[in-house]
Amino acid sequence: MLRTLWTVGVVVLAAGSTGRAADFPRFEAVTIDSDIGKVCYAVATADVNGDSQPDIVAVSENRVQWYENPSWTKHVILEDQTEKDNVCIAPADIDRDGRVDFFLGAGWTKIGTIQWIARQSDPDAKWKVHFIGTELSTHRMSFADVLGKGRPQLVVSPLLRSKGPGARLMAFEVPGNPREDNWTPMVLDESLNRMHNHTHLDWNGDRLLDTFVAAEQGVFAIERTKDGSFQKTLVGTGATGDRPENRGAGEIKVGRGPKDQVFLATIEPMHGTHAVVYFPRSDGSLPWERVELDGTLKQGHAVWTADLNGDRVDEVVIGHREAGMGPVAGPGLYAFSRTDAAGRTWTKHVIDNGGCAVEDALAADFNGDGRIDLVAGGRATHNVKLYLNRAAQ
């Protein structure tokens with residue numbers, strides 16, 4: 001493993017910001033995999049071997065591999081068993097045997113296969129692929145109870161329209177016998193297009209998870225109504241432009257601010273230039289207030305939120321996969337911390353400048369020290385990197 005110590009740089013983005021570098025942790029970069037393949041399409045975390053430590057899971061065009069915490073030994077559990085390219089993954093104990101399985105999306109540009117993979121009795125054997133269904137341009141997936149059934153469903157968002165007027169946001173209930181029974185999807189919405197990602201939040205207080213999607217038309221909440229149908233509500237305008245590729249939003253995550261205030265973080269437009277946050281308005285009106293954090297990205301592609309400095313307020317983590325237009329060109333990984341309680345001004349902290357052309361990223365405490373670390377997977381750099389939170393010094 002290669003280790004590099006990054007001293008976090010600071011760029012003040014908004015007039016009047018007073019963020020201090022001393023308030024923000026430094027990060028130690030650890031190269032987990034220097035050559036994962038053509039592209040690291042997705043990263044995830046799960047306790048794969050049951051030792052109660054979070055492992056790192058990464059998806060390349062033809063493999064699924066996990067890296068064992070803390071040695072970061074690589075284990076390939078799937079190789080050339082699905083349609084190229086594997087593009088998304090979500091951990092879940094699908095067969096209820098007490099061990100994690102994975103949902104996996106593959107062949108997304110050609111056919112869009114949806115499957116789950118499970119380990120076999122031989123611990124050294126590649127995992128078995130169980131077919132669920134197909135949906136052209138399957139792009140992102142998660143595991144959440146959006147149907148109010150008391151057990152989560154597989155939620156899938158394709159990138160582009162296929163069978164309907166728009167991309168079909170779907171929820172698959174896990175059948176009683178997941179290996180033998182059919183997986184039947186419920187379509188939550190099919191009116192939007194260029195739906196790059198989704199996330200979940202109970203935004204109306206009914207104790208049911210709603211789905212927030214980032215699409216060409218903007219940021220929408222897809223919520224279940226009392227009669228069991230679904231309706232969409234525009235929450236964020238997204239970028240504006242005269243062409244589809246210049247409109248709307250791409251990535252999306254939910255964050256928590258002071259007093260547990262919810263906000264949304266996005267990349268705009270899809271594969272875009274701007275990191276953006278949305279806050280609920282004090283009068284409850286829609287759409288939510290839009291605040292730009294950065295407009296110098298190129299091929300922005302990863303968003304995460306996490307409390308990196310221990311102040312109980314989430315930072316926004318942003319990754320982009322091509323060199324941008326700002327004084328810190330990247331490609332790389334950054335974190336934005338608010339410098340006022342309202343979230344109108346933010347400070348940009350450089351986590352990695354040029355060392356990872358970030359395709360995907362996430363945050364978790366990987367070494368059990370109580371501080372949140374970061375993981376990123378690269379496209380042009382073909383790598384997976386862990387950034388250990390070493391606290392402010």
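Predicted model: local features only at pLDDT ≥ 70, side-chain atom pairs only at ≥ 80, totals over all residues.
## A guided tour from the pockets to an enclosed strand

The largest pocket has a volume of about 660 Å³.

**First stop: the largest pocket.** Select I89, M141, S142, K253 and W304, which lie nearest the centre of the largest pocket among its 29 lining residues. Next, colour the elements that give two or more residues to this lining: β4 (40-46), β8, β12 (138-144), β16 (197-201), β20 (252-256), β24 (298-306) and β28 (358-364). Strand β4 supplies the largest share, five residues. Coloured by class, the lining shows 17 nonpolar, eight polar and four charged residues.

**Second stop: the second largest pocket.** This pocket holds about 260 Å³ of space. To find its centre, select W66, I77, P123, D124 and W127, the closest to that point of the 15 residues in the lining. Strand β7 (residues 73-79) provides three residues, the largest share of this lining. By class, seven of the lining residues are nonpolar, three polar and five charged.

In soluble globular proteins, nonpolar side chains tend to be buried together. Here the largest nonpolar core comprises 22 residues, and F103, I114, I132, M141, L154, F172 and W183 have the most contacts inside it. Two or more core residues come from each of β8 (88-92), β10 (113-118), β13 (153-158) and β14 (167-172). Now centre the view on F103. Beyond its neighbours within four places in sequence, F103 is in contact with residues including C88, I89, A90, W116, I132, M141, L154 and W183.

**Last stop: strand β30.** Select residues 384-389. Why is strand β30 described as largely enclosed by the rest of the structure? Six of its six residues are buried, so the strand has the rest of the structure around it. In a regular strand the side chains alternate between the two faces of the sheet. In β30, V384, L386 and L388 are buried on one side, and K385, Y387 and N389 are buried on the other.

Then display the strands paired with β30. Strand β3 (residues 27-33) runs antiparallel to β30 and is joined to it by six bridges, with V30 opposite L386. Strand β29 (residues 373-378) also pairs with β30 in the antiparallel sense, over four bridges; here L374 has Y387 as its bridge partner. Finally, follow the chain from β29 to β30: the two form a hairpin with five residues between them, and H382 in the turn has a positive phi of about 60 degrees.

Note on methods
Residues numbered from 1 in each chain as written. Heavy atoms only, no water. Buried < 20%, exposed > 50% of the residue type's maximum accessible area, 1.4 Å probe, protein only. Pairing = 2+ DSSP bridges. Core = buried A, V, L, I, M, F, W, Y, C linked by side-chain atoms within 4.5 Å. Contact = heavy atoms within 4.5 Å. 1 Å grid on protein atoms, 1.4 Å probe; cavity = no way out; pocket = protein on both sides within 12 Å on 5 of 7 lines; lining within 4 Å. Points joined across faces, edges and corners; volume = space filled by probe spheres on them. Nonpolar A, V, L, I, M, F, W, Y, C, P; charged D, E, K, R; others polar.
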